[in-house]
Amino acid sequence: MMKIKNVSIIGLGYVGLTMAVFLASKGVRVIGVDVDKEKIEKLSRGIPTFYEEKLEYLLNEGIRENTLEFTDSYEYAISNTSITFVTVGTPLREDGSIDLSYIEEASTSIGKALKKKNSYHLVVIRSTVIPGTCLYSVKNIIEEFSRKKAGIEWGLCMNPEFLKEGSALRDLSKPARIIIGEYDKKSGDILEEFYRQIYSDVEIPILRTSLSTAEMIKYANNAFLATKISFINSIADICEKIEGCDVVEVAKAIGLDFRISPLFLRAGLGYGGSCFSKDIKALIEFAKEVEACPILFESVDQVNQRQPLKAVKFCEQLIGNVKGRRIAVLGLAFKPGTDDIREAPSLKIINELLKRGANVVVYDPVAMEKVKRLYGEELVYASNVLECIAGAECALIITEWNEFKKITPQIFKEYMRTPAIVDGRRIFNPEDFMKAGVKYMAIGLGFNYSTR
Ligand code: NAD
């Protein structure tokens, strides 16, 4: 099979852009396409549109080496490449079901561009889509607009993405596995060969499935991880009602059972980000639509919706009514290593504090700009940790950034008006705070913990 040297990527968000720079760094010539002209202009100048480790460096390297270029022209991208990856967004509609309009628009544009191309082309859907989307929607739309038959003049694969924001480029360099859902054998063979070339130096399991199975695998994967998080948060809720009990020790112990594993067992303020919450909701709606049972996933979602508000409840338990009082919010990104605030617990917590009349001062090492755009003058923006906690009556740990882990009880005592800490991510040793006489509450920590 011929070596594939040119690919296009449609949709330059977290998934598309990281994939583009990664493939370019492997010597593939990548043409990135987006409908957002401002984004194309910025990326072409080497300015990343979000924060991710190594992204800026690899973006500029790709541009310099001529392996990476950006355009809003589908026709240019498709006529100059042999594989097109589709990584457009798949958000939720008001009713919680998946909105496939970006996928449909992208499929229409691909179809129109394919009509003008004379050679075989492979289309690979990488966005998260509910089972049946590739076979019934993408395939039919592309056939209609290209007037070309799938499996003959062009190929179709579903290749779900499993990267984690914050370690996206690392994840791409050694994925745990690659799933190739294929419309026909030829399509799967081409994509498998492409990945074997990219990962020639590492052993990566490649699983070949039907299109619908590949679509389902992505949902099953995210639903399982979200379930683990809501499971440990439900255990944490019970631990909080038990004298001397600590969910961190419970999680450590059960995580040693190899059937359970320690990952995704950190109790906290719930999961956020663009995927888990959206995918669980889409799965619930899809299960209802096909008359399958959604109750486990409904519970996972409900537990997660309650979890962030615990930070506000603990704050009030420590200091009483928050009205007119300065509350420090440490961490805004939905997790460390990213500036993504989509579905971040911080936003629900800030909204609740503002509703109750608190003076909210916030700090995050990378996500300040995005929060500023949402809240403007409603919040006070600190430029570092100490400025954030200075004069505050309660500090809430919302994201587990490493720099927050270094704050000692003495520092809180020195800078805050009255030190009271809500450890929403279990980054501190409770005993240090008890010994220092600092008011401290944490997710999953039983009452009278210090007396055990
Ligand atoms: P995003 O919203 O960050 O980016 C989507 C991009 O697509 C935007 O730049 C938008 O302008 C562009 N776009 C929309 N319609 C277009 C069109 N018709 N033609 C060209 N470009 C178009 O989305 P994301 O976070 O990168 O996610 C993309 C997909 O991957 C989603 O289905 C998501 O569920 C899935 N996914 C995301 C992650 C993640 O960590 N973010 C991980 C795995 C899978």
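**View 1. Pairing of strands E9 and E12.** Strand E9 (residues 326–330) and strand E12 (residues 394–397) run parallel and are joined by four bridges; strands are DSSP runs (E, at least two residues) numbered from the N terminus, and two strands pair if DSSP finds at least two bridges between them. Ala328 stands opposite Ala395 in E12. This is a predicted model, in which local features need pLDDT of at least 70 and side-chain atom pairs count only at pLDDT 80 or more, while totals for chains, interfaces and linings use all residues. Residues are numbered from 1 along each chain as its sequence is written, and side-chain values use heavy atoms, with hydrogens and water left out.

**View 2. The open sheet.** Six strands with parallel pairing follow the order E11-E10-E9-E12-E13-E14. Strand E11 (380–381) and strand E14 (439–442) stand at the edges with a single partner strand each, so one side of each lacks a neighbour in the sheet.

**View 3. Helices H13 and H14.** The axes of H13 (residues 309–319) and H14 (residues 345–355) come within 8 Å and cross at roughly 45°; axes are lines fitted to C-alpha atoms, for helices over the stretch in contact, and angles run from 0 to 180 degrees between N-to-C directions. Helices are DSSP runs (H or I, at least four residues). The contact (heavy atoms within 4.5 Å) involves Leu309, Ala311 and Val312 of H13 and Lys348, Ile349, Glu352 and Leu353 of H14.

**View 4. Cysteines without disulfides.** The whole structure contains zero disulfides, a disulfide being a pair of cysteine sulfur atoms within 2.5 Å. The sulfur of Cys245 lies 3.7 Å from the closest cysteine sulfur, in Cys239, too far for a bond.
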